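Let us take a friendly look at a ligand site and at what lines it. The sequence and model come next.

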Amino acid sequence: MSQKTYGIDFGTSTIKVYKKGQGIILLERNVVATVGKEKRPVAIGEKAYEMFEKEPPSMHVSFPLSHGVIADMQDMIALWNFMISALSGHRKLKGGKFYIAVPADTTKVEKHAYSHIVSEGECKPKNIFLIDKPIADAYGLGLDVERSQGILIVNIGADTTEISILSFGGIVVTKLLPYGGNYFDNQIINYIRKRYNFIIGRRTAEVVKKTLVSARPSDEEVRITGRDIVRGLPGEMYMSSNEIYPLIEDIFHLISSATQSIIERMPPEISQEIVHNGIYLTGASSWIKGLDTLIKNETNIRTNTTVDAQVSVVKGLGFLAERPKLAAAYVSQLK
Ligand SMILES: Nc1ncnc2c1ncn2[C@@H]1O[C@H](COP(=O)(O)OP(=O)(O)OP(=O)(O)O)[C@@H](O)[C@H]1O
Ligand SMILES: [Mg+2]
């Protein structure tokens, strides 16, 4: 019987799964709804997210990953068991190979925690390989990782922004900033509550962000539904992009300046090649309007964006999973 091989990017907001021979088979919210003391999962992903902020007291809706670190291992394993059971058609999956992406700028213990999700789950894997995210990202972008002397990737996700420089297949430097799309959502929620005494949910905030957040001021407007705190009733209001811009512009500048200072510390051979290749922006928060131009203007280096921004890491895991000999150069085998 042939071995099943998977690539998994456990992102803070979305889990992406690649299956060897098939391609990307899943992109699902990293959320689980559980009931009871034993935390029995009843829903995961988008379904669990829909229950968030509406769940009855007997239910707990959890986001098990936070800032690139597994915040609740029990919930994360419960989510994984539920997910893998659905993926395998509710048959017991035994002995697969798993390539898992891990943030490069974290401790060994935190990296190994990712392997526990799979090793402690019900699927009893044969092998688990950890691959640093920037390496997977670069392969997912289709770059010549082994021969290129300077690749700069800025992955702007939900809870993290990972800035990394690769040279000849190795990671020269990597820095994890604790900011991403979730920070923007929270800023929007807090501002609307304080300024207008109006409460909006996390799902609404995310929609507002995707419509209005822009790295340049703009006049766009959107209708928002929520609850008026003073009257205690549901209501609606209008909000413009210009109002949101000041809440988050600092983070755009922070990402640019962190990128700039990392480049400045590079030897000339590497920085010259980065200037030649341009900066690669990945992670779904890189789709924020105007962010590519802002980073280009502040660093004076061209930026490359991609429609694959959300799946570039898992695509790279897939690329390596299809080429085990090449992958062996990058993985640490744990089991
Ligand atoms: N069109 C869009 N415009 C702006 N933001 C977006 C858009 N689409 C998705 N996002 C945001 O991108 C984030 C998810 O990106 P991604 O899937 O790359 O993160 P992740 O891998 O789950 O998180 P992390 O890498 O930080 O662990 C969410 O905050 C989401 O709201
Ligand atoms: Mg990510």
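A residue is near a molecule if one of its heavy atoms lies within 4 Å of it. By that rule, 20 residues surround ligand 1, and the closest are Thr12, Ser13, Thr14, Glu206 and Lys209. This is a predicted model, in which local features need pLDDT of at least 70 and side-chain atom pairs count only at pLDDT 80 or more, while totals for chains, interfaces and linings use all residues. Residues are numbered from 1 along each chain as its sequence is written, chains are lettered from A and ligands numbered from 1 in the order in which they are written, and side-chain values use heavy atoms, with hydrogens and water left out.

The shell around ligand 1 holds four nonpolar residues, 11 polar and five charged. Here Ala, Val, Leu, Ile, Met, Phe, Trp, Tyr, Cys and Pro count as nonpolar, Asp, Glu, Lys and Arg as charged, and the others, Gly among them, as polar. Strand S2 (14-19), helix H5 (181-196) and helix H6 (202-212) each supply at least two shell residues, with H6 giving the most, three. Helices (H or I, at least four residues) and strands (E, at least two) are DSSP runs, numbered from the N terminus.

| Residue | Part | Distance |
|---|---|---|
| Lys16 | side chain | 2.8 Å |
| Asp159 | backbone | 2.9 Å |
| Ala284 | backbone | 2.9 Å |

Taken alone, ligand 1 exposes 660 Å², and the protein buries 91% of that (Shrake-Rupley method, 1.4 Å probe).

Terms used
Polar contact = N/O pair within 3.5 Å; in protein donor to acceptor, adjacent residues only side chain to side chain.
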